[in-house]
Amino acid sequence: MIADTSWISDRRRLLKAGTLMGLAAVTGSLAGGAERVNAESYTGVKVPDQKMPNRALGFMLPHEQFDVAQLVEFGVAAEEAGFDFVATSDHFQPWQNNEGHAGMAWVTMAALGQKTKRIQMGTTVTCPTYRYSPAVVAEGFASLAILFPNRVFLGVGSGEALNEQAATGAWDPWPVRSERLVEATQIIRELWKGAEVNHSGKYYKVQAKLYDPPRGTLPLLMAGNGPKAMRRCGVHGDGLVTDPKTWKEHKDEFLSGVKEAGKDPHTTPVLVEQYVVVGGRKELDEAVAKWRFGPKAWKPYFNVRDPKEIEARAMREVPAEKVSEGWPVGTDASTHVKVIEGLFQSGATMVNIHTGQSDQLRAINFYKDEVIPKLRSRVAA
C-alpha cells in the first residue's frame with residue numbers, strides 16, 4: 001500500500017510561515033477527530049483549544065534512569081533552554097535493573113508544572129488498561145490539565161510486562177491488550193466530556209461522572225511500534241508516538257488509519273523519540289549500557305516481567321554497536337541538526353530528544369547554545 005505523501009510538502013510550506021520553539025506554525029488541535037469538551041458549559045471559564053507547535057523539539061525525562069527530583073530539575077532546564085515540550089516515561093519498574101529508578105510520572109509532571117511557565121508536558125507513554133484503570137487515568141490527567149491549562153497531553157500504549165504484569169499479575173497477548181487500549185481510550189474521552197458515563201464494554205464497566213473534567217481539549221496520543229499498532233494509532237489516536245525506525249518503515253499504515261478515521265494527515269501530530277549523545281566514547285558507553293535493550297524492546301523484551309532478566313538478556317543478545325545505530329553522537333551541532341531536520345522532513349511534527357548519558361544538563365545546555373539556534377535560523381531562512 002502506497003500512501004499519498006503530498007501532505008509532507010504541504011506541511012513544509014506551512015512551516016515556512018513560522019519559526020521553531022514557541023513561534024512555530026501550529027498544526028491545529030491535537031484533539032483530532034475526538035468530540036471536544038465544552039469547558040465553558042460546566043466551569044464558566046473559557047479555555048481555548050490546545051494547540052501544539054509544528055516542528056516542536058522536546059526533551060525526554062527518563063524515569064528509569066533518574067529520580068523525580070532530578071527529573072524536575074532537568075525539565076526546568078529544558079524550558080530555559082528553549083525546548084517546546086518534555087515527555088516522561090511512565091513505568092512501575094525500569095527496563096533494566098542497572099537503570100535504577102522508577103518514580104511516579106504524574107507526580108513529576110505536577111511538580112514540574114509548578115516550576116515552569118510554558119513548556120508542554122506529557123507521557124510517552126501511560127498504559128491505561130491494567131495497573132491504571134481508564135477512569136483513574138481520565139481523572140489524573142484532567143486534574144493536571146486544570147492545574148496547567150493547554151500544557152498537558154496524554155500518551156497511551158498497550159503496556160509492558162515489567163510494569164503491568166509485575167504490578168497486577170495480569171498480562172494478555174497483544175491482540176487483547178490492543179483491544180483493551182482502544183476501549184480504555186473511549187472511556188477516557190467520554191469521562192473528559194464531564195457528563196455521566198454508563199459504559200459496559202468487553203473489558204470495562206464504568207458508571208460514573210468526572211466532576212472535574214479538563215477545561216478545554218486534552219490531546220490523547222497513541223504509541224505504535226509495528227504495522228498493526230501503527231494503523232490502530234491512526235484510527236484511534238489524536239496523534240502518534242513512535243521511534244524513527246518504526247516511523248520510516250510503517251508510516252503508511254499510520255496515515256492509512258488517519259484517513260480511514262476521517263482525520264487530516266496534514267494536522268495530525270507525530271511524535272518521534274530520537275536518542276542522542278552529547279560527548280564522546282565515555283558518554284556513549286554510559287548510554288548504551290543503560291539502554292542496551294532498545295533494539296529488542298518490542299520483540300521480545302516487552303513480554304519479560306523482570307528488569308534483571310531483560311538486562312542480562314540484552315547484554316548477551318544485543319551487540320553494543322547495534323544499540324546506537326542512528327544516534328547522533330558528539331559535540332558537532334550539525335550532526336544533531338541533520339538528524340532532527342531529517343525527521344521533520346519525513347513528516348514528524350514533534351522530535352523528542354532522549355539522551356541516556358549521566359550528565360543530562362550537559363546535553364540540555366549543548367542544545368540550548370548550539371543546536372536550537374541553528375534549527376531556528378534554518379526555519380527563519
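## A first look at the chain

Buried residues make up 56% of the 381 residues in this chain. The model is a predicted one. Its chain has 14 helices and twelve strands. Among contacts between residues at least 6 apart in sequence, 75% join residues at least 24 apart.

In soluble globular proteins, nonpolar side chains tend to be buried together. Here the largest nonpolar core has 69 residues, and F83, F141, W192 and Y367 are the members that touch the most others. Apart from this core lies another, of 20 residues, including V277, L284, A297 and V318.

Leaving out residues up to four places away in sequence, F141 touches W106, M109, T123, T126, V152, F153, L154, W192 and L218.

An α-helix has 3.6 residues a turn, so residues three or four places apart point the same way.

H63 is found in the loop between β3 and α3, and its C-alpha atom is separated by 7.1 Å from that of A105, although the two are 42 residues apart along the chain. H63 counts as buried because its relative accessible area is 0%, where the cut-off is under 20%. Beyond its neighbours within four places in sequence, H63 is in contact with L71, T88, S89, H101, A102, G103, M104, A105 and T108.

## Two helices side by side

Two packed helices are described by the angle between their axes and the distance between the axes. For helix α8 (residues 227-236) and helix α9 (residues 244-260), the angle is about 40 degrees and the axes are 7 Å apart. Their crossing is right-handed. On the α8 side, the residues that meet α9 are P227, M230, R231, C233, G234 and V235. On the α9 side they are T246, W247, H250, K251, E253, F254, S256, G257, V258 and E260. The residues of this contact divide into seven nonpolar, five polar and four charged.

The loop between β5 and α5 holds T129. Is T129 buried or exposed? T129 is buried, because its relative accessible area of 2% falls under 20%. Not counting residues up to four places away in sequence, T129 touches R180, L181, A184 and Y204.

T168, by comparison, is in helix α6 (residues 164-168). It is partly exposed, with a relative accessible area of 39%. Leaving aside neighbours within four places in sequence, T168 is in contact with Y130 and R131. T168 and Y132 are 36 residues apart in sequence, and their C-alpha atoms are 9.8 Å apart in space.

Most residues other than glycine have a negative phi, and most peptide bonds are trans. The table gathers some exceptions in this model.

| Site | Backbone feature | Loop |
|---|---|---|
| T124 to V125 | cis peptide bond, omega near 0 degrees | V125: between β5 and α5 |
| K299 and P300 | cis peptide bond, omega about 15 degrees | P300: between α10 (281-290) and α11 (307-317) |
| R55 | positive phi of about 50 degrees | between β2 (51-53) and β3 |
| N150 | positive phi of about 60 degrees | between α5 and β6 |

R55 is buried, with a relative accessible area of 9%, whereas N150 is partly exposed at 24%.

How values were computed
Residues numbered from 1 in each chain as written. Predicted model: local features only at pLDDT ≥ 70, side-chain atom pairs only at ≥ 80, totals over all residues. Heavy atoms only, no water. Core = buried A, V, L, I, M, F, W, Y, C linked by side-chain atoms within 4.5 Å. Buried < 20%, exposed > 50% of the residue type's maximum accessible area, 1.4 Å probe, protein only. Contact = heavy atoms within 4.5 Å. Axes fitted to C-alpha atoms, helices over the stretch in contact; angles between N-to-C directions. Helix = DSSP H or I, 4+ residues; strand = E, 2+ residues; numbered from the N terminus. Left-handed = near helix turned anticlockwise from the far one by under 90°. Nonpolar A, V, L, I, M, F, W, Y, C, P; charged D, E, K, R; others polar.
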